[in-house]
Amino acid sequence: MLQIKNLTKFYGKRAVLQDLNLNIKQGEIYGLLGANGAGKTTTINIICGLLNYDDGQVNINGENLSARSKYLLGVAPQENLLYPSLSCAENLSFFGKIYGLKGTKLKSAINRCLQGVNLLDRKDNAVDTLSGGMQRRVNIAVALIHNPKLLILDEPTTGLDIEARYEIWQLITSLKEEGMTILLTTHLLDEAQKLCDRIGIIKNGEIIAEGTLEELRKKVPAQEIIIIKTDEEEKAILKAQEKGFQHRYYGGDLAFLLPETLPLEELIKYFDHINLTSITRQPVNLDHIYLEVTQNVE
Ligand code: ATP
């Protein structure tokens, strides 16, 4: 559905995208994951034709990027693109007309999109009377008004409370079930883990790792991770080295990467004579993968 080959973008002399490659398949949710400044929004702006690029190729649904691409793409930007004093239906009508919709086609598209985001009953309410989560859903409805083939969601839940976030997650899942292809950017690892079929991790304008969660798990040389609290960290590290466990610090917590899952008694035995306050076991998750791949790449 979307193919990006060797995309390169400079701001002045600084390359903010470097030979970026992406391939998003029909019907999947692809998560572009990266820290602030990694290049996510730049990539999206190029796909949407809002920014020029210096080198590479962008192909949507088999066509090179052109003025026609906007009909294939629906974009819900990070900042809601809505007229706050207009009603939900008026907002959708405004954007629908930009895509050439009118009359009964426009009316039914407005109803379909508001139904899709579960806001049909708020159709005539001004956007600024809705909660933050509802406004974000209207923002997504606007992106869907012309029935695009690829939906781009730029940090769809940033700034929302947990309940509103879950509603957006549910909405994204139902859009996928209806067959929509979705490119989602986020820096929320739980969001990517929960929603995405495949994930690309972007750092300094480059995809440094990509795959399903299962494929990405292989980037961490561990079956299981244990977090240890002790006032004898150095001793614990030396002891773990004898057993071949690599160590990491996750947010200041000492962690060991276990090549295989071990019974708790055995683990405790390994750290015999070390003053342990606690041992916590964790399966390898996207947080560990993200740190592993981003910290190993300058
Ligand atoms: P965020 O999560 O904060 O939105 P991002 O991954 O979307 O970050 P981009 O906004 O794409 O990152 O920015 C990528 C890099 O390009 C950053 O270093 C940013 O400072 C730089 N940049 C973005 N826009 C411009 C601009 N107009 N002029 C110069 N540099 C820019």
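Tutor: Helices here are DSSP runs of H or I with at least four residues, strands are runs of E with at least two, and the numbering of these elements starts at the N terminus. The protein has ten helices and 14 strands by this count. The model is predicted, so local features need pLDDT of at least 70 and side-chain atom pairs pLDDT 80 or more, while totals for chains, interfaces and linings use all residues. Residues are numbered from 1 along each chain as its sequence is written, and side-chain values use heavy atoms, without hydrogens and water.

Student: What is the place of Asp-19?

Tutor: Asp-19 belongs to strand β2. Its phi is near 50°, which is a positive value in a residue other than glycine.

Student: Why is Asp-19 called partly exposed?

Tutor: Buried means under 20% relative accessible area, exposed means over 50%, and partly exposed is the range in between (1.4 Å probe, protein chains only). Asp-19 has 48%, so it counts as partly exposed.

Student: How do you know that β1 and β2 pair?

Tutor: Pairing requires at least two DSSP bridges between two strands. Strand β1 (residues 2–11) and strand β2 (residues 14–24) have seven bridges, in the antiparallel sense.

Student: What makes Lys-9 count as lying over the face of Tyr-11?

Tutor: The criterion is NZ of Lys or CZ of Arg within 6 Å of the ring centre and within 35 degrees of the ring normal. Lys-9 lies over the face of Tyr-11 at 5.0 Å from the ring centre.

Student: How many aromatic pairs does the structure hold, and why is the pair of Phe-94 and Phe-95 called edge-to-face?

Tutor: There are seven aromatic pairs. For Phe-94 and Phe-95 the ring centres are 5.2 Å apart and the planes stand at 90°, so the pair is edge-to-face. The rule is that rings of Phe, Tyr and Trp (its six-membered ring) pair if their centres lie within 6.5 Å, with planes under 30 degrees apart called stacked, over 60 edge-to-face and the rest tilted. Phe-94 is partly exposed at 36%, whereas Phe-95 is buried at 11%.

Student: What makes the pair of Tyr-166 and Trp-169 tilted?

Tutor: Their rings are 5.5 Å apart, centre to centre, with 55° between the planes, and the pair counts as tilted. Tyr-166 and Trp-169 lie three residues apart in helix α5 (residues 162–177), about one turn of the helix. Tyr-166 is partly exposed at 48%, but Trp-169 is buried at 6%.

Student: Which residues form one aromatic cluster?

Tutor: Tyr-83, Phe-94 and Phe-95 form one.

Student: How do you know that the buried residues Ala-236, Ile-237 and Ala-240 share one side of α8?

Tutor: In helix α8 (residues 233–242), Ala-236, Ile-237 and Ala-240 are buried. They cover an arc of only 100° around the axis, which puts them on the same side of α8. The arc is taken from the directions that run from the helix axis to the C-beta atoms. The face turned away from the buried side carries the exposed residues Glu-234, Leu-238 and Glu-242. The cover of the buried residues includes β11 (224–230), β12 (246–250) and β13 (253–258), judged by contact (heavy atoms within 4.5 Å).

Student: Why does Asn-139 count as buried?

Tutor: Asn-139 has 1% relative accessibility, so it counts as buried. It is found in helix α4 (residues 132–144). Not counting residues up to four places away in sequence, Asn-139 touches Ala-76, Pro-77, Asn-80, Leu-81 and Leu-82. Its side chain reaches the backbone oxygen of Pro-77 at 3.2 Å.

Student: Why is His-273 called exposed?

Tutor: Its relative accessibility is 68%, so His-273 counts as exposed. His-273 is found in the loop between α9 (264–270) and β14 (276–283). Its phi is positive, about 70°, although it is not a glycine.

Student: What share of the 298 residues counts as buried?

Tutor: The share is 48%.

Notes
Polar contact = N/O pair within 3.5 Å; in protein donor to acceptor, adjacent residues only side chain to side chain.
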